[in-house]
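Reader: Hi! Could you walk me through this one? I'd like to start with a single residue and then zoom out.

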Amino acid sequence: HLESQKKGVGIMKKLGFNKQLLALLIFFIIQLTAFFVITFRPISITPPGHTYLFTAKSYMYPIFLYPNHILQAKNGAWGIKDTHTTQPQGRTYSVWFFVLAGKLSNLFHLEPVQMFILLQLSGGIAVFIATYIFIRTLLPPKYQMPAIFFSLMFEISPLSLTSLTPVLPGFITPLRNFGLPHHAWGEALGLLSLLFLIRKNGIGLFISTLLSTVFLPPVMITLGLSVYPVLFIWALWKKNVKKTIPLLCVSGFAVIIVGLQTKLAFSAAGYPWSAWSLIEKSWWKSSDAVYLYAQSLTLYIPFFILLAITSLYRWKSWPESVKIIVLVLSSWVVMPLLYIPISDRNFFPVANMRLLHGDLYIAAGILSAIALIEFLSLFKNRTIRQGGFAIVIGLSLGISTVLGVSYFTSFLKTQEPIDPHAYPLTSTWEGVKF
């Protein structure tokens, strides 16, 4: 038995597999399955005599907006119009993610909805790969396995113990990883930009920052406002300003380039693009955004407390690489709570809701893993450490599974009301196509 086990491990190593990668693949398959069920289930509930158009509530709202952007670009446009209004307007030359998708859709002869679903799939893959690279590159091996679990599979908190519905429905694990593709790609590239910044890779930093800002500008704005001040202060403290400041300038330059181009394009296109930021700022009250984001982190809070306690005893013994990760990720998670109250002001670049992204939970998950391992290291008895680890991971996995199943089944129920726009009569749809 031991011999066959060794052979199995040897084969995995030859194939480039390790325990962390195996866990990643398992988590990926679970969420990919949920994504496929959510996406294609509406076909199975189509009433007789009707046709499903893939514009139903397959996610948080109808998805026809972005396939329409893809359609416009597929038909030759480089600028996009908002087809929700008949008011005269220009085209905005800024929605480059979906413009590029439209060109690819035309090149490969794909329907816009097909392209959108492929983008969702690719976005989920990008998030998993970026998270894996970030964890494997920056974290010592002892943190890596729990970090992969807490960052990619740990669910957000429910509204209450009696109502197992998510505080922020758009941030449950399958939806934040396989939801809106420009969000997923922007967040994956934003995470890689932080990796390149910490590893002082200027070329990688510029490219990842530029693309992340092109795909989803608020990601890098949030990251810059939350993390860059910490890195600047750390550089001053460590007398490493000459290496850090140029990198921060490179990243900031990339954000400014895209930000100015987007702002000018929106202004030139006229309403509703020119009022887009103001419209978004009217959607959520800042107090609601603070409350909901803080409550969504409830399951992570015990780990944050453990991290605070442990740092009092372990901070001096931690290597510099761990210290900077803890400081940077802590700032990334906490600072949006401080920025949200002032986000409704005209000078602030994004709306309160745009300060909240799926990668915040990746940061929270990595911090949770460090907290757990470091807290258990305070105990000298190996049995206590191993038992404590097994109990915490087991409980976390159990809680996350219960919440995940509850969120998933409740979401499937929201697909059951038949939207006549998404399920027209087959005869009507045949007439439209004719």
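**A serine and its surroundings**

Author: Happy to! Beyond its neighbours within four places in sequence, S286 is in contact (heavy atoms within 4.5 Å) with I340, P341, S343, D344 and N352. This is a predicted model, where local features need pLDDT of at least 70, side-chain atom pairs count only at pLDDT 80 or more, and totals for chains, interfaces and linings use all residues. Residues are numbered from 1 along each chain as its sequence is written, and side-chain values use heavy atoms, leaving out hydrogens and water.

Reader: Is S286 buried or exposed?

Author: S286 counts as buried because its relative accessibility is 17%, and buried means under 20% relative accessible area with a 1.4 Å probe, protein chains only.

Reader: And what lies 3.2 Å from a polar atom of its side chain?

Author: That is the backbone oxygen of I340.

Reader: Switching topic: which residues touch the most other members of the largest nonpolar core?

Author: L194, L329, W332 and I366, in a core of 94 residues. Such a core is a set of buried Ala, Val, Leu, Ile, Met, Phe, Trp, Tyr and Cys residues joined through side-chain atoms within 4.5 Å. Its largest share, 13 residues, comes from α16.

Reader: What does W332 touch?

Author: Not counting residues up to four places away in sequence, W332 touches L191, L194, L223, S226, V227, D359, L360 and A363.

Reader: Nice. What is the mean pLDDT of the protein chain?

Author: The mean is 88, with 93% of residues reaching 70 or more; pLDDT is the predictor's confidence in each residue, from 0 to 100.

Key. Buried means under 20% relative accessible area, exposed over 50%, partly exposed in between (1.4 Å probe, protein chains only). A polar contact is a pair of N or O atoms within 3.5 Å; within protein, one must be able to donate a hydrogen and the other to accept it, and residues adjacent in sequence count only if both atoms are side-chain atoms. Helices (H or I, at least four residues) and strands (E, at least two) are DSSP runs, numbered from the N terminus.
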